Amino acid sequence: MTEPLLRIEGLRAAYGECPVLEDLAFSVAPGETVALLGRNGAGKTTTLRALVGLVPHRSGQIRLDGADLMPLPPHHLARCGIGYVPEERGVYASLTVAENLALPRGRGNGMPMERILALFPNLAERWDSAGTDLSGGEQQMLAIARVLRMGIRLLVLDEPTEGLAPAIVQRIGAVLQDLRRDGMTILLVEQNFRFARRVADRFLLMEHGRITANLTKAELPEHENRLSERLGV
Amino acid sequence: MADILSMPLPVLMGQITLGLVTGSFYALLGLGLSIVFGLLHVINFAHGAFYMLGALAAWMLAQFLGISYWPALLLAPLLVGLMGVLLEKTMVKQLYGRDPLYSLLLTLGIAMMLEYGLLWKYGSAGMAFAPPPELTGALNLGFMILPVYRGWIVLCSVVICLAVWTLVHRTPLGRQMRAATEKPELTGLFGINVPQLRSMTFGLGAALAALAGVLAAPIYQVSPIMGQSLLIPVFAVIVIGGMGSVHGTVLAAYGIGLAEGITRIVFPEAAALAVYVVMVAVLLLRPDHRQRRF
């Protein structure tokens, strides 16, 4: 059996006194795309933020390729090969597209710029535009392109299609499929079930800070009703 | 205006030069305060003490080690910059994430300890620090007599301001500083060591203040409390320029310096008020202007 690239065990996280994640456990195999599904407030975004060290109160185990990530400061996580695209995209308003792409200091084997611009041709046209001048779709493309420059092994995406036009959602989906074919491991949080279904291999349902269902793509049809009920889709 | 037009050109130009010199000090000090506020959200009341330490370090290097002005111009900012890094790592960083009032009070306390500690040792009477021989005397430009050292201060300040602008806007380090100013949490996830960047920025701010102090040493007396009178107008300058904005701070510094110089001709008693009148007007008319990014 393949060793997982990412293994999370007994993860607890809280905002102040308020616990959000309770004994969370799941893993992601190399090259796999896993979608975290759940209603608002289920703890999906907190799971990603805890994974990249942005939740101060957390305990448990997070391992990437066997290495313990818990004691590492955020700037070391990037060097381990985790690329995180937050829900609000995190494009820097005061930096141009070129500067946003030049910012990361990852493992030194990032995706070549030619390939990035082939995946996201819009970025070449907006090269000198400030982050604030980009449309929502362009910002999402830039946010994904930026982490790909870091030489990542695990791409972590929070709601990559939120608020985007259908054509852009298609484009993002196509890019993720491309990355999958290249062997990239992807963990995404997604409210858009149709999109998740298109790109993911496995689906984790989160409720009240725990994983309550772990389904492969083949198992989806028989659990369709249950998922629809839990997700409100 | 009639007063200005009826004034002999050399006198008018002399006041403008004085205004530019004042603006040069405002710019050098304001830049440090501004970048520290932009990245660290620290209202650094120790900045005037760093300015004083720069002047005092230059004086001590000359007095005790026989080191002349030119090496001191590099050494004093370096020493004070390192001290700034140490202070950030040991004290200032403990208060990140809290209300800026905490760091304001901490840096005020640091300033008081430094200034009054040194006052006990050196007294309030200023100590003379001679400019280097090559920067003494005056140049006759035809329409005015320009004291060489004052011309040097303006030149040096303009070059440093351009260098800081280039650092912030045209280098990878500056890119990281701008990014960390905007989204510190996320910036760390791009492999950038934000705590180290903060220490370096605090050190850079301290070094810029110290550089202004070395430049000021030959024209003002070196005294432990020399930074106190300059600090409040410099805070006003960075509020006018937009806290955190490099070019806004520099433009405001020279603008206010010139306004002070020209007011000194028209209404000398009000010269020192010019900066505060503009600051109050900016705060009332454009309150959102007071905080900007680099």
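**Strands and contact in a predicted model**

Author: In this predicted model, strand β1 (residues 6-15) of chain A and strand β4 (residues 57-64) of chain A run antiparallel and are joined by seven bridges.

Reader: What makes β1 and β4 of chain A a pair of strands?

Author: Pairing requires at least two bridges. Seven bridges join β1 to β4 in chain A, so the two strands pair. One of the residues concerned is A:A13, whose bridge partner in β4(A) is A:R58.

Reader: In what order do the four strands of the open sheet in chain A stand?

Author: The order is β2-β1-β4-β5, with antiparallel pairing.

Reader: Why is one side of β2 and of β5 in chain A left without a neighbour in the sheet?

Author: β2 (18-28) and β5 (67-68) of chain A are at the edges and have a single partner strand each, so one side of each lacks a neighbour in the sheet.

Reader: Why is the meeting of A:R49 and B:E185 called a salt bridge?

Author: Their side chains meet at 3.5 Å, N to O. The cut-off is 4 Å, so the pair counts as a salt bridge. Between chain B and chain A the count is two salt bridges.

Reader: What makes up the side of chain B that touches chain A?

Author: By class, that side has five nonpolar, six polar and six charged residues. The contact takes 17 residues from chain B and 24 residues from chain A.

Reader: How much area do chain B and chain A bury between them?

Author: They bury about 1,900 Å², 61% of it on carbon and sulfur atoms. In chain B, the residues that lose the most area to chain A are B:R175, B:L189 and B:F190, together 38% of what that side buries.

Terms used. Residues numbered from 1 in each chain as written. Chains lettered and ligands numbered in written order. Predicted model: local features only at pLDDT ≥ 70, side-chain atom pairs only at ≥ 80, totals over all residues. Heavy atoms only, no water. Contact = heavy atoms within 4.5 Å. Buried area = accessible area lost by both parts, 1.4 Å probe. Nonpolar A, V, L, I, M, F, W, Y, C, P; charged D, E, K, R; others polar.
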